[in-house]
Amino acid sequence: MKAVLLSGTFALVVSLFVTRWAISQFASWGLGQLIREDGPKTHHVKRGTPTMGGVAIVASVLIGYASARLLLWEPPSRSALLVLLLLVGMAGVGFLDDFIKVRRQRSLGLRSRAKLVGQTLVSLTFGLLALQGEASASVSHRLSLVRDFGPVLPWVIVLALICFMVSGASNATNLVDGLDGLLAGSATMVFAAYTIIGIWQNNQLCGSVGASTGSCYQVASPLDLATVAAALTGACFGFLWWNASPAKIIMGDTGSLALGAAMAGLALLTRTELLLVVLGGLYVAVTGSVMLQVSWFKLTRRTTGVGKRIFRMTPLQHHFELLGWEQVTVVIRFWIITGACVAGALGVFYGEWVAGPG
C-alpha cells in the first residue's frame with residue numbers, strides 16, 4: 001500500500017510542476033495546437049495553445065512509479081513494466097503524429113495507415129511479451145470480465161484480441177480528447193478504479209493468507225499494477241489542473257493514445273478485459289457515435305445518392321456543442337457519465353466477488 005500512495009502522490013506533484021514548465025517551454029518552441037477548420041467555431045480560440053502535453057503525463061507516471069520503487073527499494077514487476085511499455089510506446093506514436101502537425105502546420109499528422117501501423121507494432125510487441133511465461137503470470141488465454149471464463153483460446157486469436165483491444169482503446173480515448181479537461185478528468189476516474197481493483201485483487205490473491213479459495217484471483221502482481229494505476233491517476237489529475245477550461249495546454253495524441261493503451265494494458269493484466277467496456281462506457285459511446293455516423297452516411301449516399309447524418313457532428317461531444325451546450329457543460333456532464341460507468345463497473349466487480357464464481 002505504501003507504494004500505491006507514494007506513486008500516486010509523486011506523480012501528482014510532478015505533473016503539477018512539469019506541466020507548468022511545459023506550458024511556457026512548449027510555447028517558446030512554437031509547439032502550438034492547430035484546429036480543424038470544419039470543427040466548432042468556438043474551438044478556434046484554442047489555436048496556438050501549447051500541445052503535446054502528454055509528454056508531461058508520461059514523464060510524471062514514470063517518475064512517480066520509479067520514485068516509489070526506489071524509496072521502498074523494491075524491483076518493478078513484469079506486469080508493471082508491460083503497462084509502462086504500452087504507455088511509452090503509444091505515446092511515441094502520438095508524439096510523432098503531433099510533431100508532424102506542428103512541423104507541417106496542418107491539423108492532420110500521421111496518415112491513418114501509418115498511425116495504424118505504429119499502433120499495431122506497439123500492440124504486437126506488448127502482446128508477444130505478455131503471452132510469455134507461466135499462465136498465471138501473463139495475459140490470460142481465456143476471456144475475462146472479473147475473472148476468466150470460457151474455453152482456452154489459441155495464442156494467435158489471443159494475440160489478435162490484444163492488438164484489437166489496445167488499438168481500439170487508444171483510438172477511443174483519442175476521439176474523446178478535444179474538449180478542455182474531458183479526457184484528463186474521465187481518465188482520472190478510470191485509473192482510480194483500476195487502483196482499487198488492483199488493491200482488492202492483491203488482498204484476495206490466490207495463495208494469500210485469508211483469501212477465499214473459490215473467490216480468489218489469479219493475477220500476476222496486482223498490487224504493482226495498482227501502483228502504476230495510482231501513478232496514472234495522479235499524473236492525469238495534476239495535468240487536469242492546467243488542462244481544465246480554459247486549457248493552458250493540450251495533451252495531444254501523445255497523451256490520448258498513451259492513456260487509452262494504458263487502460264487496455266491494465267484491463268488485460270488484471271484480467272478484466274470486458275469490464276473495461278463498462279468502465280470506459282463514455283469512450284464506447286463516443287466511438288460508437290463516429291461509427292454510426294460514418295456507416296449511416298455511406299449507406300444513405302449509396303441508396304439515395306445523398307449522404308445523411310445522425311448527429312450534427314462527431315465525435316459525440318461536438319454534437320452537443322452544436323446543439324448549443326457550453327463546452328464546460330458538455331465536459332461536466334460527460335464526467336458524470338464516466339463516474340456512473342465507473343461506479344457501475346466497480347459494483348459489478350464487487351458483486352461478483354460477493355456472489356462467488358459460477
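Which residues in helix 6 meet which residues in helix 7? In this predicted model, the helix 6 side of that contact includes Ala-184, Gly-185, Ala-187, Thr-188, Phe-191, Ala-192, Tyr-194, Thr-195, Gly-198, Ile-199, Gln-201 and Asn-202, and these meet Pro-222, Leu-223, Ala-226, Ala-229, Ala-230, Leu-232, Thr-233, Cys-236, Phe-237, Phe-239, Leu-240 and Asn-243 in helix 7. By class, the contact of helix 6 with helix 7 has 16 nonpolar, eight polar and no charged residues.

**Helix 6 and helix 7**
- Helix 6 covers residues 182-203 and helix 7 covers residues 222-243, and their axes lie 8 Å apart at an angle of about 160°.
- Because angles over 145 degrees count as roughly antiparallel, helix 6 and helix 7 are described as roughly antiparallel to each other.
- The crossing in which helix 6 passes helix 7 is left-handed.

**Helix 2 and helix 8**
- The axes of helix 2, residues 54-72, and helix 8, residues 252-269, come within 7 Å of each other and cross at roughly 45°, which makes helix 2 oblique to helix 8.
- On the helix 2 side, Gly-54, Val-55, Ile-57 and Val-58 meet Thr-254, Gly-255, Ala-258 and Leu-259 of helix 8, and by class this contact has five nonpolar, three polar and no charged residues.

**Ser-256 in helix 8**
- Ser-256 is found in helix 8, and with a relative accessible area of 0% this residue is buried.
- Leaving aside residues up to four places away in sequence, Ser-256 touches Ser-170, Thr-173, Asn-174, Asp-177, Leu-183 and Met-251.

Notes: Residues are numbered from 1 along each chain as its sequence is written. This is a predicted model: local features need pLDDT of at least 70, side-chain atom pairs count only at pLDDT 80 or more; totals for chains, interfaces and linings use all residues. Side-chain values use heavy atoms; hydrogens and water are left out. Axes are lines fitted to C-alpha atoms, for helices over the stretch in contact, and angles run from 0 to 180 degrees between N-to-C directions. Helices (H or I, at least four residues) and strands (E, at least two) are DSSP runs, numbered from the N terminus. Angles under 35 degrees count as roughly parallel, over 145 as roughly antiparallel, 65 to 115 as roughly perpendicular and the rest as oblique. Contact means heavy atoms within 4.5 Å. Ala, Val, Leu, Ile, Met, Phe, Trp, Tyr, Cys and Pro count as nonpolar, Asp, Glu, Lys and Arg as charged, and the others, Gly among them, as polar. A crossing is left-handed if the near helix is turned anticlockwise from the far one by less than a right angle, and right-handed if clockwise. Buried means under 20% relative accessible area, exposed over 50%, partly exposed in between (1.4 Å probe, protein chains only).
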